[in-house]
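Have the model open as you read.

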Amino acid sequence: MNTSEKVNFISNWIKNYADKGNFSSLVIGISGGIDSAVTSTLSARTKLQTHVVTMPILDHKILNNRGNNHIEWLKKKFSNISHHHVDLSKVFDEFQSKLKNNSSEHGYANSQARLRMTTLYQIAASNNGIVVGTGNKVEDFGIGFYTKYGDGGVDISPIADCLKTEVWDIGKELGINQEIIDATPTDGLWTDGRTDEQQVGLSYEEIEEAMLNKNSPNRKRYEEIREKNIHKMQLIPVCKIS
């Protein structure tokens, strides 16, 4: 299947799922990265009302500006876009204040994603909508690089069978803003602005190569990352009483 066919296939898949469930809208969080840009554009192509949501917490001006620029591009291209801007910075500050005796930098990073998930579901509930996930195959099913019950808390995952490089290819096919295509991937959850590669230790190209090639020099590192996060990719363990 070529890239153009993937675009049509995924958009039709989203539309069919929503129609079967009698949902009238789609809700997507916009980060300023390629995954949310592609997912929101594929969603907009369904002609269903598409609610795009910006939820700034940390002061990442470049990332936030890229997200806003993408939304302006969407509005010019599609007539079914609704933009919700929900500033969660004060909510997060209060959250940190109340939990100061349980302070964890990693925990606070994940809590940002969970606050955003809650926001998306509130908007979805108010608009007969579903929350559309933005995770790709490398992050969601390769190394588990996402927040459990955060950006992993969604109703559907339309690009979860696409490698990261395929997502970039789809972005180019859709005409996504070049600044997003060229941007270094980051989850935006850290005050120091660390990138995905700095967190993981491998680039997405290296991860993909290790996923597909058992003899890759990066295979050991890939398996270490995957093993650490495998709990995210499995069903919740249930204690069954016989």
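At roughly what angle do the axes of helix H2 and helix H7 cross, and within what distance do they come? Keep in mind that this is a predicted model. Start with H2, residues 34-44, and then find H7, residues 164-174. Their axes come within 9 Å and cross at roughly 50°, which means that H2 is oblique to H7. The crossing of H2 past H7 is left-handed.

Now zoom in on the side of each helix that faces its partner. H2 contributes Ile34, Asp35, Val38, Thr41 and Leu42 to the contact, while H7 brings Lys164, Val167, Trp168, Ile170, Gly171 and Leu174. Sorted by class, this contact comprises 7 nonpolar, 2 polar and 2 charged residues.

From here, turn to the second largest pocket, which holds about 380 Å³ of space. It is lined by 18 residues, and those closest to its centre are Tyr146, Gly152, Lys232, Met233 and Gln234. The lining of this pocket is made up of 8 nonpolar, 6 polar and 4 charged residues.

Conventions
Residues numbered from 1 in each chain as written. Predicted model: local features only at pLDDT ≥ 70, side-chain atom pairs only at ≥ 80, totals over all residues. Heavy atoms only, no water. Axes fitted to C-alpha atoms, helices over the stretch in contact; angles between N-to-C directions. Helix = DSSP H or I, 4+ residues; strand = E, 2+ residues; numbered from the N terminus. Parallel < 35°, antiparallel > 145°, perpendicular 65-115°, else oblique. Left-handed = near helix turned anticlockwise from the far one by under 90°. Contact = heavy atoms within 4.5 Å. Nonpolar A, V, L, I, M, F, W, Y, C, P; charged D, E, K, R; others polar. 1 Å grid on protein atoms, 1.4 Å probe; cavity = no way out; pocket = protein on both sides within 12 Å on 5 of 7 lines; lining within 4 Å. Points joined across faces, edges and corners; volume = space filled by probe spheres on them.
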